[in-house]
Amino acid sequence: MASLDPKLNETVAELVGRLKDKPGALLPILHAVQDAVGCVPPEAVPVIADGLNLSRAEVHGVISFYHYFRERPPGRHVIHLCRAEACQSMGQRGLEAHAKQALGVDFHGTTPNGAFTFEPVYCLGNCACSPAMMVDGELYGRVTPARFDDIVSQWEKR
Ligand code: FES
């Protein structure tokens, strides 16, 4: 396995050292690593496993169980499309199919130009304006396929 870049290694080791004595430390550590470096790279697994006295398989198992964690850095922007009930009742499924086709990726994928990572989310608290989506924390409601294309083309330029 490739070794971790020294700076990343230092960051991960520092986070492990700071959080390892918390109860249930693995999840807070994985969140902290992803917040700090944009993902949990496979090379970080041994550092985390050693720090917590866990096997690499145990750490890897948790990373792959939670889709929230990424092993590679995301695209420049992250699109979250709501899949929960209120949005589904307002045409979310058609919008989802359109979005996958327009972006050319499935959920958890990153577009080949590196502009977008596409993620599902289960309620954005914007049910009154379903169907809803979010780009880098900016919320959009009543999203139609045409509006989706507009939003994406605006963000593509950023
Ligand atoms: S169900 Fe989609 S925002 Fe609540």
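Tutor: Begin with the spacing. The centres of domain 1 and domain 2, taken over C-alpha atoms, are 30 Å apart. Keep in mind that this is a predicted model.

Student: Where are domain 1 and domain 2 in the chain?
Tutor: Domain 1 covers 6-65. Domain 2 covers 77-156.

Student: New topic. How many salt bridges?
Tutor: The count is 5 salt bridges.

Student: Which residue does Arg 70 pair with?
Tutor: Arg 70 forms a salt bridge with Glu 119. Their closest N and O atoms lie 3.8 Å apart.

Student: And where do Arg 70 and Glu 119 sit?
Tutor: In distant parts of the chain, 49 residues apart. Arg 70 is in the loop between helix H4 (56-65) and strand E1 (77-82). Glu 119 belongs to strand E2 (residues 116-121).

Student: Is Arg 70 buried or exposed?
Tutor: Buried, because its relative accessibility is 17% and the cut-off for buried is under 20%. Glu 119 is buried as well, with a relative accessible area of 7%.

Student: What about Glu 96 and Lys 100?
Tutor: Their side chains meet in a salt bridge, 2.8 Å from N to O. Both residues are in helix H6 (residues 92-103). They are 4 residues apart, so about one helical turn separates them.

Student: How accessible is Glu 96?
Tutor: Glu 96 has a relative accessible area of 8%, so it counts as buried. Lys 100 is partly exposed, at 24% relative accessibility.

Student: Which residues are joined into one network with Lys 100 and Asp 106?
Tutor: Arg 83 and Glu 96. Salt bridges that share partners join these four residues.

Student: Remind me, what is a disulfide?
Tutor: It is a covalent bond linking the sulfur atoms of two cysteines.

Student: Then how accessible are Cys 123 and Cys 127?
Tutor: Cys 123 is partly exposed, at 36% relative accessibility. Cys 127 is also partly exposed, with a relative accessible area of 39%.

Student: Give me one thing to look at again.
Tutor: Go back to the pair Arg 70 and Glu 119, a salt bridge that links distant parts of the chain.

Definitions and conventions: Residues are numbered from 1 along each chain as its sequence is written. This is a predicted model: local features need pLDDT of at least 70, side-chain atom pairs count only at pLDDT 80 or more; totals for chains, interfaces and linings use all residues. Side-chain values use heavy atoms; hydrogens and water are left out. Domain bounds come from an automatic or database domain assignment. Helices (H or I, at least four residues) and strands (E, at least two) are DSSP runs, numbered from the N terminus. Buried means under 20% relative accessible area, exposed over 50%, partly exposed in between (1.4 Å probe, protein chains only).
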